[in-house]
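Reader: I am new to reading protein structures, and I would like to go through one with you, a feature at a time. Could we look at it together?

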Amino acid sequence: MFRRRETGQNPSANELAEAERVAALHPVQQKAHPSAVAADPSRLRHINTYGALPEYYIDRPFICRACGKQEIWKAADQKWYYEDAKGHIDAKAVECHACRTTRNQR
Ligand SMILES: [Zn+2]
């Protein structure tokens, strides 16, 4: 099955507008949205938080703190980050792909 790798890198204006629209929806609507990716609570046990664990992930538009570029942190990438890479729940994408790549090469 062909699946395009969605990185959120260099999103089109339409993709950004759609991600911003979904990000502003009520959580109940977000969870039911076709772009939402369900979270697996059994894979989030490493997270110590007094807040609620995520039940789902949606695409998150953000502005790179280093260069100001707009990108999208894709729902599938968040799932990987929290559930496979065991990232901290308070960690959010703050730098675009290009800036992260540059920093990692230094
Ligand atoms: Zn950047």
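Predicted model: local features only at pLDDT ≥ 70, side-chain atom pairs only at ≥ 80, totals over all residues.

Reader: Is His-33 buried or exposed, and why?

Author: A residue is called buried when its relative accessible area is under 20%. His-33 has a value of 17%, and therefore it counts as buried.

Reader: Where is Leu-44 found, and which residues does Leu-44 touch beyond those up to four places away in sequence?

Author: Leu-44 lies in the loop between E1 and strand E2 (56-57), and with a relative accessibility of 0% it is buried. Beyond its sequence neighbours, Leu-44 touches Ala-39, Leu-53, Pro-54, Tyr-57, Tyr-82 and Glu-83. Take Glu-83 from that list: it is 39 residues away from Leu-44 along the chain, yet their C-alpha atoms are separated by 5.9 Å.

Reader: How should I read the pairing of strand E3 with strand E4?

Author: In a regular strand the side chains alternate between the two faces of the sheet. Here strand E3 (residues 60-63) and strand E4 (residues 70-73) run antiparallel and are joined by four bridges, with Phe-62 standing opposite Glu-71 in E4. The two strands form a hairpin with six residues between them, and in the turn Gly-68 has a positive phi of about 85°.

Reader: Which residues are the protein donors of the zinc ion, and what is the geometry of the site?

Author: The donors are the SG atoms of Cys-64, Cys-67, Cys-96 and Cys-99, which lie 2.3 Å from the zinc ion. The angles among these four donor atoms are 106 to 116°, and the site is tetrahedral. Along the sequence, the donor residues follow the spacing C-x2-C-x28-C-x2-C. As for burial, Cys-64 is buried at 2% relative accessibility, Cys-96 is buried at 0%, and Cys-99 is buried as well.

Reader: With cysteines in view, how many disulfides does the count come to?

Author: A disulfide is a covalent bond between the sulfur atoms of two cysteines. In this model the count comes to zero disulfides.

Key: Residues numbered from 1 in each chain as written. Heavy atoms only, no water. Donors = N, O, S within 2.8 Å, 3.2 Å for Na, K, Ca; no water. Tetrahedral: all angles 85-135°; square planar, octahedral: opposite > 155°, others 65-115°. Buried < 20%, exposed > 50% of the residue type's maximum accessible area, 1.4 Å probe, protein only. Disulfide = S-S within 2.5 Å. Pairing = 2+ DSSP bridges. Contact = heavy atoms within 4.5 Å.
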